[in-house]
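Biologist: Hello! Could you walk me through the charged pairs here, step by step?

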Amino acid sequence: MGFYGERVVPRIVNAACGMRFNDPLRERVCAGLKGRVVEVGFGSGLNVPFYPGAVESVSAVEPADLGWRLASGRVAESRVPIERAGLDGQSLPFADNTFDSAVSTWTLCTIPDVATALAEVRRVLTPGGTLHFVEHGLAPDDKVQTWQNRLNPLQKTLFGGCHLNRDIRTLLTTAGFEIQEIDIFYGEDAPRFLAAQSLGVAVSP
């Protein structure tokens, strides 16, 4: 990943995704998690305080060593057992039908082969298992989409491959998930090209 990707980007992500106005979204996403959970893009562990009591364990998939180190305090304080169990969302080191739930928060924008990653999540979920997500991506308005497409190359360069214009709903349904619920909206305190959010739950049939 190089120095910038390994030493700088995790700190930027920790700061940007750790802003307090994101906390209500994290709480909404994590509310229905249960049983054995895989979190793809664990980052610095910002979801840890929001894991509900129904969660038995969390397997954290996180490629950045610095991200995992930044998470150490939250992991140590968690009442839920958490282990760093994978490095690459595109190749999950788990058997089929291992997890009851999966969670992804602002992660699908960055994974290079997102279709493969979603196929992997489906593989490791039990039938009827749920993927809980909040992701920024393609805006619902044409004018905003135009700016997203223009700025996407710069965004990818500055923020570790992050895309502005991925269509989250389409990615999920193409991967074979059934959308149980989805809320598409503009988040607060950010320009619209950055703030188009998709939050919901998808089921692995």
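Biologist: How many salt bridges does a search of the whole structure find?

Modeller: This is a predicted model, where local features need pLDDT of at least 70, side-chain atom pairs count only at pLDDT 80 or more, and totals for chains, interfaces and linings use all residues. Residues are numbered from 1 along each chain as its sequence is written, and side-chain values use heavy atoms, leaving out hydrogens and water. Side chains of opposite charge can pair when their charged atoms come close. Counting a side-chain nitrogen of Lys or Arg within 4 Å of a carboxyl oxygen of Asp or Glu as a salt bridge, the search finds six.

Biologist: Which residue forms a salt bridge with D183?

Modeller: D183 sits in strand 6 (residues 178-186) and its partner in helix 2 (residues 23-30), so the pair ties together parts 155 residues apart in sequence. Here helices (H or I, at least four residues) and strands (E, at least two) are DSSP runs, numbered from the N terminus. The closest N and O atoms are 3.3 Å apart, and the partner is R28.

Biologist: Is D183 buried, exposed or partly exposed?

Modeller: Buried means under 20% relative accessible area, exposed over 50%, and partly exposed in between (1.4 Å probe, protein chains only). D183 has 30% relative accessibility, so D183 counts as partly exposed.

Biologist: What separates the closest N and O atoms of R36 and D100?

Modeller: R36 and D100 form a salt bridge. This pair links strand 1 (residues 35-40) with strand 4 (residues 99-105), 64 residues apart.
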